[in-house]
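The entries follow the order in which I looked things up.

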Amino acid sequence: MTAVPRLPRVAVVSVTEQGAALARRLPYRHEPGPLGDAVRRLWPEVDGLVLVAATGIAVRVIAPLLADKHADPAVVVLDDGGRWAVALAGGHHGANALATEVAGFVGATPVVTTASDGAGLPALDDLPGFRASGAVAAVTRAWLDGRPPALDRSALPGWPLPPGLAAALADPPPTDAAPGGTRVVVTDRRAPGDPDDPDGTGDTGGADTVWLRPPSLVVGVGSSSGADPEGIARLVDDALAGAGLSPDAVGLVASVDLKRHERGIVALADRLGVEYRTFPAPVLAGQPVPTPSAVVAEAVGTPSVAEAAALLAAGPGAELVVPKQRSTEATVAVARRARPEGHLAVVGLG
């Protein structure tokens, strides 16, 4: 069987000879034991760990290392007989999928114990194309107890939901929802209590609200050569904060080809964890913008970089939600997509 692992960096650790033989059937980096030494060495380096060992010893080894489910590697335990692939830690952060993947390679049965999966409910913190924040555990717990959250997508009414979520929740929110009931809000705005909204200027909400943010925002950036990366990051942070927008909703950073390798812009994209895309100056010059500049046109061949790049990268129907903001070294602008970015697949025969 041939497959591509879903997590980019996965290692398998075995203890016994029988376990090593099983490990060699998996398409991951193989590290023989001792289990504790190997796990401690690999923990900061990998996205997933498959431990061919007993569940008890695996629990004792990883327990002191667990710190943050968003940062810890997903952990799957596979017994020496190859019968069970148990998602031990990080179920909604890769372990459930990894257990299923491992089971497929060796003919085992995947064991997934996360409550939402067992009840057939979508995992709010593992929805494709969305970043979740807020009271994920509280909302999920209420849902499991038979109290589904109200769905509020008024901020981004045209943004499609994953099929599982759309089918499971009422849309629009029911008018008879109990006061203080749980909510799922689809938005690209900041939310009260979020670390990126210290002043509480974003979406209203309560203690039992989950905010789902799609990659609806595109940040366009222009800069002088050698601009300070921290200065560019501050300018972007201020632009988003001033508009009440969440950095979790940024899906792309864009600029002109001339700045393809500009250190500060590359660092910004890395910091946000998104793609960095550039366009030729003549292409940007063809994009209508509200604040063109003759000085910029003289310098780089297009009257706009930040606004043009943001709008062009955001695609048809995009809206400029933050017009050009400037510092002494850079300009930024933010556009909102009308819909998710499409993908083209070219299939050839012969």
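Entry 1. I worked from a predicted model. I began with helix α2 (residues 35-42), where I found Leu-35, Gly-36, Ala-38, Val-39 and Leu-42 buried. These residues lie on the same side of α2, because they cover an arc of only 165° around the axis. I then looked up what covers them, and the list includes β1 (10-14), β2 (29-32), β3 (48-52) and α3 (55-62).

Entry 2. I turned to helix α6 (residues 136-144) and noted Val-136, Ala-138, Val-139, Thr-140, Ala-142 and Trp-143 as buried. Just after α6, I recorded a positive phi of about 95° at Gly-146.

Entry 3. I located Thr-182 in the loop between α7 (163-168) and β9 (183-186). Leaving aside residues up to four places away in sequence, I listed its contacts as Val-139, Ala-142, Arg-147, Pro-148, Pro-149, Ala-150 and Asp-208.

Entry 4. I traced an open sheet of five strands with mixed pairing, in the order β13-β12-β11-β15-β14. β13 (275-279) and β14 (319-326) each have a single partner strand, so one side of each lacks a neighbour in the sheet. I noted an average twist of 20° from one strand to the next.

Entry 5. I followed the antiparallel pairing of β11 (residues 217-223) with β15 (residues 330-336) over seven bridges; Val-221 has Val-332 of β15 as its bridge partner. I found helix α8 (residues 229-242) lying across β11, β12 (250-256), β14 and β15, at about 40° to β15. Helix α9 (residues 263-272) also packs on the sheet, where I noted contacts with β11, β12 and β13 and an angle of about 170° between its direction and that of β12.

Definitions and conventions:
Residues are numbered from 1 along each chain as its sequence is written. This is a predicted model: local features need pLDDT of at least 70, side-chain atom pairs count only at pLDDT 80 or more; totals for chains, interfaces and linings use all residues. Side-chain values use heavy atoms; hydrogens and water are left out. Buried means under 20% relative accessible area, exposed over 50%, partly exposed in between (1.4 Å probe, protein chains only). Helices (H or I, at least four residues) and strands (E, at least two) are DSSP runs, numbered from the N terminus. The arc is that of the directions from the helix axis to the C-beta atoms. Contact means heavy atoms within 4.5 Å. Two strands pair if DSSP finds at least two bridges between them. Axes are lines fitted to C-alpha atoms, for helices over the stretch in contact, and angles run from 0 to 180 degrees between N-to-C directions.
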